[in-house]
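Opening the notebook on this one.

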Amino acid sequence: MRSLIFRDKLKSVKITLASNFSGGGKHPVSLDTEGNTVKMKNRVYLETMGCQMNVLDSELVMGQLRKLGYSPTEEIGSADVVLFNTCSVRDHAEQKVLSRLGALRKRKQADANLVIGVIGCMAERDPDGIISKMPHVDLVCGPGELNKIPALIQEVQEERHRVVALALSQSRKSTPFERALEFDSVEALDLSRLPAEGANVLQSYVRVQRGCDKFCTFCVVPFTRGPERSRPAVQIVEEAKMLAGRGAKEITLLGQTVNSYVNQDDGRSVRFAELLERVAAVDGIERVRFVTSYPGDFTDDIFEVMRDVPQVCEYLHLPVQSGSDAVLKRMRRQYSVGQYVEMIDRAREIVPGLTIASDFIVGFCGETEQEHEASLALLDRCRFKNVFVFKYSPRPDTVADKRAQDDVDEQTKRRRNQEMLHRQDAISTQDNAHFIGQDLEVFVVGYSKAARKAQEAEQSRGEEVTWRRSDQLVGRTRGDHIVVFQGESDSIGKFARIKISAATGLTLHGDLQSQARYPALAIEGGTPQNTKTPPPTFNSNVSLPVI
């Protein structure tokens with residue numbers, strides 16, 4: 001049993017709930033004006049904002065609700081329960097939620113039975129602010145208590161008061177290894193996973209770790225997601241087997257700092273390289289990816305698995321955030337530019353055909369033009385596949401917000417953002433041209449919707465795909481390049497060999513050569529005999545300023 005604090009408009013009510021609440025399989029109920037029990041309507045609209053972890057959380061929450069008789073709807077106007085799974089990484093994401101909530105105010109006044117909930121990181125970071133600004137919100141639930149969502153909805157419907165469920169502790173007195181041995185509400189949520197019949201699971205996320213102990217000065221994640229904790233390897237592998245049995249062919253392992261994974265199995269430590277091998281060995285899983293990695297935690301054994309295990313893709317998402325040592329120090333990133341570059345060089349030496357994406361923040365507190373130029377120079381030196389560039393946005397309660405001044409004006413931030421994107425587009429266009437004339441292995445995942453549009457963040461992966469028919473199909477290479485080509489629907493869910501005929505900085509275009517099962521091509525630029533075409537060259541002679 002666990003104790004949670006639920007608050008309504010007038011008072012705080014302490015209620016004890018079974019931590020494994022399942023609702024007993026009953027439909028939601030309420031009382032009519034005469035006090036009689038009536039069956040509630042049960043359509044749920046769940047909008048997800050933010051990272052892949054939120055996408056997975058929403059899938060799991062909806063799975064629990066579906067078991068209790070709720071049905072998902074894509075029409076917010078027809079929903080009886082409206083949930084927003086929120087992100088707090090940038091202020092823009094929170095403002096978007098507040099706008100959505102504001103639009104529901106009049107509807108809530110007209111329909112008291114409508115249940116409106118805010119879940120996820122924004123709920124954990126600022127529950128009082130949400131309630132103060134949007135008093136018509138019924139339910140506020142942090143990411144560590146999502147297993148309680150069915151109970152919370154039922155509580156609102158039956159008792160007619162607001163409920164709030166937040167993490168009870170953010171303590172980091174124990175080590176990540178010790179925390180990995182504890183069972184909690186989020187682990188129960190992961191273990192409850194059961195995709196709906198017919199659900200698209202071709203590319204599936206599996207949580208292997210959550211939380212973060214890095215405390216970068218700009219980042220709110222350690223406060224909203226809590227301490228770093230890794231899941232048991234056995235449960236991760238079993239989840240991958242379940243997904244493979246339902247048709248999954250590509251698994252992406254998720255964690256805030258996924259490469260620092262550590263858990264215990266039969267009295268010994270299991271680290272990330274071994275976990276990769278175990279998941280890759282699951283029958284039916286033909287590709288394994290992982291995001292997001294922390295540069296300071298990489299070890300060569302991970303690179304060696306990427307090189308030696310065919311199912312593990314040659315792709316890294318490795319945020320650097322700045323090309324200036326001074327800025328990295330102010331961010332508390334725990335590595336230098338030189339250390340980052342040395343690791344990139346080592347990774348490319350060990351893993352043939354490796355592609356790397358990165359993140360940058362422009363306009364961080366005190367960033368000078370010289371420090372910005374250092375970030376541009378790092379683009380030239382590392383030649384990333386693509387980068388995601390964000391304008392610095394102060395987040396409440398972070399060290400940067402408390403102790404530093406947001407002194408770079410918005411116009412300068414926008415200019416630096418555009419300069420980074422334009423420089424990277426030139427690099428990507430040049431490097432992608434090397435693929436013209438090559439056959440690449442592409443996992444075809446659907447009809448093309450927005451493949452030509454820039455992917456704005458690692459978190460927006462998949463937005464290039466639609467299940468509405470079009471005359472073009474879209475897929476991804478092992479190195480995570482988006483490929484668009486003419487094809488028929490029977491190619492979806494299969495691996496195809498595509499001859500690249502044109503390239504932009506964002507997208508490769510080509511023609512279908514054949515459909516084949518894995519591994520038709522071992523790495524990008526290879527052939528069925530695995531003779532390699534040389535990958536784009538990387539200019540290691542570019543000198544980096546020490547700033």
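I started with helix H12 (residues 300-308) and H14, whose axes come within 9 Å and cross at roughly 30°. That makes H12 roughly parallel to H14, as angles under 35 degrees count as roughly parallel. Axes here are lines fitted to C-alpha atoms over the stretch in contact, with angles from 0 to 180 degrees between N-to-C directions. Helices are DSSP runs of H or I, at least four residues, and strands are E runs of at least two, numbered from the N terminus.

I noted the contact residues (heavy atoms within 4.5 Å): H12 brings Asp 300, Phe 303, Glu 304 and Arg 307, and H14 brings Met 343, Arg 346, Ala 347 and Ile 350.

A note on sources: this is a predicted model, where local features need pLDDT of at least 70, side-chain atom pairs count only at pLDDT 80 or more, and totals for chains, interfaces and linings use all residues. Residues are numbered from 1 along each chain as its sequence is written, and side-chain values use heavy atoms, without hydrogens and water.

Next I looked up Leu 318, in the loop between strand S18 (315-317) and helix H13 (325-331). Leu 318 is buried, at 0% relative accessible area (buried is under 20%, exposed over 50%, partly exposed in between, with a 1.4 Å probe and protein chains only). Leaving out residues up to four places away in sequence, I found Leu 318 touching, among others, Phe 298, Tyr 340 and Met 343.

Note on methods:
Parallel < 35°, antiparallel > 145°, perpendicular 65-115°, else oblique.
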